[in-house]
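Me: I have a model open and would like to go through it with you. Could we start with the strand pairing and then move on to other parts?

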Amino acid sequence: MYLQKLRLENFRNYINQEIELINGINLFLGDNAQGKTNIIEAIYVCAFGKSYRTQKDNELINFNKEYCKIDLQYIKNNIKLITNFYIDKLNRKQIKNNDVKIKKIAEYVGEIPIVIFSPESLDVVKGSPSKRRNFIDMICCQLSKSYIIYHQEYMKCLKLKNSMLKKDRVDDEYIRVLHEKMSNNIVKIVEFRANIIEKLNNYAKTIQKELTESKEEINLIYNTDFLNMNVEQVNKYLNDHLYIDKLRMSSIKGIQRDDIEIYINGQEVAKFGSQGQKRTALLTLKLANFELLKNEKEEIPILLLDDIMSELDSKRINFLLKYIENYQSIITTTEDTFVKNIENIKILKVSNGVLEN
Ligand SMILES: Nc1ncnc2c1ncn2[C@@H]1O[C@H](COP(=O)(O)OP(=O)(O)O)[C@@H](O)[C@H]1O
Ligand SMILES: [Mg+2]
């Protein structure tokens with residue numbers, strides 16, 4: 001699949017902009033604060049129904065307007081399709097795919113598969129476990145609608161449990177009922193995560209070898225309390241730890257504590273890796289993410305690369321450009337010095353919310 005046309009109305013600093021995209025490299029070039037990342041964000045919003053930069057949907061609306069609209073036209077199996085996103089100041093939100101209203105976002109996510117890589121992505125390698133869980137969850141959500149539902153159900157129960165744990169009098173029976181529901185979800189989520197991490201690890205190993213001329217070996221380890229447990233075992237485990245939950249007034253066990261440890265040559269990269277090793281590991285993970293989605297969905301994901309060229313050295317840039325040359329990517333940059341001998345590229349200059357032709 002590939003994206004063909006993006007239309008923005010009152011979205012961030014764009015008032016009315018139509019953008020034709022090529023099935024190759026689309027390079028958005030411009031100074032800081034001109035609206036490059038806003039393009040990436042608009043595409044992301046169409047794929048996930050929400051932004052990654054804000055929880056508040058109506059921040060997407062231009063400061064001086066009452067609503068915003070994004071239309072994203074794309075081609076899948078030679079068929080022209082379209083997603084429309086609308087939000088207004090009163091938080092009335094609507095997403096349509098081919099004129100059909102999306103009632104539950106789980107029904108839709110995955111329709112436009114995406115891999116996003118931005119300077120903040122480095123947190124996947126060096127930040128807290130939540131960043132790595134998000135990274136994995138974003139892949140899982142694009143691959144399975146039921147994963148999204150299990151995850152949503154689990155988080156809902158967790159919220160109820162945590163607010164009960166903060167009360168003066170904790171109703172144990174109520175929490176045990178929640179645990180039964182959560183155990184079901186945990187088993188499904190852990191099984192799915194484990195499977196994805198194993199596959200991701202295999203792709204990452206191959207890519208890391210190529211990227212480092214076999215000098216570095218990468219290894220991902222899924223760190224969870226629940227590997228290979230059945231529903232009863234998980235339920236017992238949660239109940240057995242309830243007394244600590246009560247002491248701490250918060251849930252200490254659950255898939256919200258899972259982590260994915262990343263090792264390079266046997267050492268944890270978050271703790272011992274150099275800056276360069278962290279960047280290489282991240283590039284490997286993102287390309288492994290791309291391969292995994294591509295092969296599992298049998299569809300080519302869209303690569304969104306936001307301002308990362310300045311973070312990579314020329315060797316890694318060349319590797320990346322070679323890798324993506326046959327796919328569609330949306331790249332933002334302040335400098336186009338790396339653009340040499342590249343075919344199939346469209347350069348779009350961005351200036352204060354307007355694209356120059
Ligand atoms: N809701 C909004 N309405 C109008 N302008 C906005 C809105 N949100 C952000 N902006 C503007 O968008 C610009 C930043 O765009 P961005 O795409 O992040 O820039 P960059 O080109 O550096 O990636 C800033 O000038 C900011 O003021
Ligand atoms: Mg930016």
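Me: Which residue stands opposite Lys96 in S7?
Reply: Lys96 has Lys101 of S7 opposite it. Please keep in mind that this is a predicted model.

Me: How many bridges hold S6 and S7, and in which sense do they pair, parallel or antiparallel?
Reply: Two bridges connect S6 and S7, and the sense is antiparallel. The hairpin of these strands has two residues between them, and Asn98 there takes a positive phi near 50 degrees.

Me: And S5 with S6, how many bridges there?
Reply: Strand S5 (residues 79–88) is joined to strand S6 (residues 93–97) by five bridges, and the two run antiparallel. One pair to look at is Phe85 with its bridge partner Ile95 in S6. Their hairpin has four residues between the strands, and Asn91 adopts a positive phi near 65 degrees in it.

Me: What is the strand order of the open sheet?
Reply: The order is S2-S1-S4-S5-S6-S7, six strands with antiparallel pairing. Strand S2 (14–20) and strand S7 (100–101) each have a single partner strand, so one side of each has no neighbour in the sheet and they stand at the edges.

Me: Which strand does S1 join, and through how many bridges?
Reply: Strand S1 (residues 2–11) is joined to S2 by six bridges, running antiparallel. Across S2, Glu9 stands opposite Asn16, and Arg7 stands opposite Glu18. In the hairpin of S1 and S2, with two residues between the strands, Arg12 has a positive phi near 50 degrees.

Me: Changing topic to the ligand. How many residues surround ligand 1, and which are the closest?
Reply: There are 15 residues around ligand 1, and the closest are Asn13, Ala33, Lys36, Thr37 and Asn38. Helix H1 (residues 36–48) gives the most to this shell, namely three residues.

Me: What is the make-up of that shell by class?
Reply: The shell around ligand 1 consists of nine polar, three nonpolar and three charged residues.

Me: Where is Ala33, and why does it count as exposed?
Reply: Ala33 lies in the loop between strand S3 (25–29) and H1. It counts as exposed because it has 10 C-beta neighbours inside 10 Å. Ala33 and Asn13 are 20 residues apart along the chain, with 9.6 Å between their C-alpha atoms.

Me: What does Ala42 contact, leaving aside neighbours within four places in sequence?
Reply: Ala42 is then in contact with Leu6, Leu8, Phe11 and Ile70.

Me: You mentioned two domains. How far apart are their C-alpha centres?
Reply: The C-alpha centres of domain 1 and domain 2 are 28 Å apart. Across the boundary, 14 residues of domain 1 are in contact with 15 residues of domain 2. On the domain 1 side, helix H10 (residues 314–324) supplies the largest share, four residues. That side divides into ten nonpolar, one polar and three charged residues.

Me: Last one: where is Gln55, and how far in space is it from Asn202?
Reply: Gln55 is in the loop between H1 and strand S4 (67–76). Gln55 and Asn202 are 34 Å apart in space, C-alpha to C-alpha, and 147 residues apart in sequence. Gln55 is exposed, having 8 other C-beta atoms within 10 Å.

Notes:
Residues are numbered from 1 along each chain as its sequence is written. Chains are lettered from A and ligands numbered from 1 in the order in which they are written. This is a predicted model: local features need pLDDT of at least 70, side-chain atom pairs count only at pLDDT 80 or more; totals for chains, interfaces and linings use all residues. Domain bounds come from an automatic or database domain assignment. Two residues are in contact if their C-beta atoms, placed from the backbone, lie within 7 Å. Ala, Val, Leu, Ile, Met, Phe, Trp, Tyr, Cys and Pro count as nonpolar, Asp, Glu, Lys and Arg as charged, and the others, Gly among them, as polar. A residue is near a molecule or strand if its C-beta atom, placed from the backbone, lies within 6 Å of it. A residue is buried if 20 or more other C-beta atoms lie within 10 Å of its own, exposed if 12 or fewer, and partly exposed in between; C-beta atoms are placed from the backbone. Two strands pair if DSSP finds at least two bridges between them.
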